Amino acid sequence: MATSSPPLDIGALKRLRILCVSETGWFDTATVFDDIRAAGGAHTDQYAIPWPPFGPLHADNAAGFSALLEAETIDGSTRRLLFDTGWNPDWMDRRFAEEGIDRLLQERKIEALGVSHEHFDHFWGIGSTLKHCPEIPIYLPAGFHSAGLAFIQQQGHTGSVITVPSEQPLLLFPGLALTSFPMSTLLQVQGENVLYANLQDRGLTMITGCGHGGVLNLLDYARRTLSGGEHIHAIYGGPARLAARRLGQPARLDRQGAERLWNRPHSLQPLHRPYGRREDAGQRLAGRAGKRPQRIADRFVPGQR
């Protein structure tokens with residue numbers, strides 16, 4: 001991952017608001033992994049498993065991950081990016097309606113969809129985005145499979161598809177860069193996109209879907225590659241998923257390791273703790289009782305509320 005190029009100056013943002021649209025990939029982990037084992041195990045092609053929208057297998061267990069980034073640039077303009085598009089179309093349609101994402105897409109106020117990686121719970125709900133804005137540009141990581149590319153077209157996409165080259169930061173707009181990292185993980189998924197936002201007078205925030213590339217690798221990459229990378233102050237998304245796990249193998253953010261890496265004890269802040277409180281699952285249960293609980297999914301970069 002070494003680079004001989006000078007650090008890239010990506011500019012800066014005044015503010016960044018991150019709205020967690022849906023953080024619940026699925027409701028019961030045992031069910032998902034039982035499905036994977038029954039299909040042949042961790043090395044199975046995910047497209048061979050008849051989960052929604054490809055089949056009815058445990059449809060009531062499927063949800064998905066998606067977040068909306070709303071940035072205020074230095075010149076005062078507002079830029080929006082949808083990061084991931086969930087899994088179960090029925091679930092994502094509901095979440096998009098509850099959070100107004102459907103309206104923003106219809107009004108062309110979200111300028112692009114960034115897909116972190118090809119896993120079912122981040123990508124298979126793409127129809128819920130394209131039904132409202134079929135021409136939206138889509139940014140994919142290097143390593144996407146032909147089945148995934150075909151699925152995008154089958155869902156009616158008419159816009160551009162941009163594959164982000166591995167480890168070559170792509171500036172989406174001043175203050176926000178997208179980088180694709182090579183990796184190989186569960187269910188034959190290859191490559192992951194990671195976002196880096198530079199906040200004026202605060203430093204970088206790293207935004208991931210799952211952080212399969214390893215949080216320390218992703219942080220170290222920023223330090224060596226991006227101007228101001230030594231001032232990362234927060235992480236949103238995958239690395240904070242303390243309950244995320246591979247088949248029988250728990251994975252957690254090595255916070256002590258991250259602090260040693262940066263030599264700034266207690267400075268890294270996880271902005272998102274999926275599975276710590278399952279607000280989407282809570283909404284689902286409360287919805288049956290006709291009540292909507294108070295939202296806790298709306299997350300802001302520290303100091304920008």
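Buried here means under 20% relative accessible area, exposed means over 50%, and partly exposed sits in between (1.4 Å probe, protein chains only). A salt bridge is a side-chain nitrogen of Lys or Arg within 4 Å of a carboxyl oxygen of Asp or Glu, and the count by this rule is 13. Keep in mind that this is a predicted model, where local features need pLDDT of at least 70, side-chain atom pairs count only at pLDDT 80 or more, and totals for chains, interfaces and linings use all residues. Residues are numbered from 1 along each chain as its sequence is written, and side-chain values use heavy atoms, with hydrogens and water left out.

**Between strands**
- Arg15 pairs up with Glu72 in a salt bridge, with 2.9 Å between the closest N and O atoms.
- Arg15 belongs to strand S1 (residues 13–22) and Glu72 to strand S2 (residues 66–73), so this pair ties together parts 57 residues apart in sequence; strands are DSSP runs of E, at least two residues, and helices are runs of H or I, at least four, numbered from the N terminus.
- Arg15 is partly exposed at 41% relative accessibility, and Glu72 is partly exposed at 23%.

**Lys109 and Glu107**
- These two make a salt bridge, their closest N and O atoms 3.1 Å apart.
- Lys109 has 40% relative accessibility, so it counts as partly exposed.
- Glu107 is also partly exposed, with a relative accessible area of 40%.

**Within a helix**
- Arg223 and Asp220 meet through their side chains in a salt bridge (3.0 Å, N to O).
- Both lie in helix H7 (residues 215–225), 3 residues apart, or about one turn of the helix.
- Arg223 is partly exposed, at 36% relative accessible area.
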